[in-house]
Amino acid sequence: MAAVHTEVPLVFDPGSYALLSEDSSTDIAVVFVHGFGGHPEKTWRNFQELVDSFAGSFPLWQRCDLYFFKYESISAHIKDSSRKLRVFLDHCCP
């Protein structure tokens, strides 16, 4: 199956990225946040292929933009990480 999402780095938040749907009726944003000690690429590696492979069985995925948030889970204080996530969400879903 052909890819239904395009990977895009997010200029406003280096290290984070998005898989943007090529469907013109896209109306859903899904945000992925890695866990403690995680990383957006290592945690969600090959996720684009998985989503695109399920797009035929679960057409809802075709209408989703996927956002992968990077933060320093070990070295940053939780208040700083929460603020950064809030800014990230404001950019993704204004």
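**Briefing: surface, fold and salt bridges**

The protein exposes about 5900 Å², and carbon and sulfur atoms supply 58% of that area (Shrake-Rupley method, 1.4 Å probe). This is a predicted model: local features need pLDDT of at least 70, side-chain atom pairs count only at pLDDT 80 or more, and totals for chains, interfaces and linings use all residues. Residues are numbered from 1 along each chain as its sequence is written, and side-chain values use heavy atoms, with hydrogens and water left out.

**Fold**
- The protein has 3 helices and 4 strands (DSSP runs: helices H or I, at least four residues; strands E, at least two).
- Their order along the sequence is β-β-β-α-α-β-α.
- The C-alpha atoms fill a box of roughly 40 × 25 × 20 Å along the principal axes.
- Buried residues (under 20% relative accessible area; exposed is over 50%, partly exposed in between; 1.4 Å probe, protein chains only) make up 30% of the 94 residues.

**Salt bridges**
- The whole structure holds 5 salt bridges (a side-chain nitrogen of Lys or Arg within 4 Å of a carboxyl oxygen of Asp or Glu).
- Lys84 pairs with Asp13, with closest N and O atoms 3.4 Å apart. This pair joins helix α3 (residues 78-92) to the loop between β1 (5-9) and β2 (17-21), 71 residues apart.
- Asp13 is buried because its relative accessibility is 8%. Lys84, at 31%, is partly exposed.
- Arg63 pairs with Asp27 at 3.0 Å between the closest N and O atoms. Both residues lie in loops, 36 residues apart.
- Asp27 is exposed at 53% relative accessibility; Arg63 is partly exposed at 28%.
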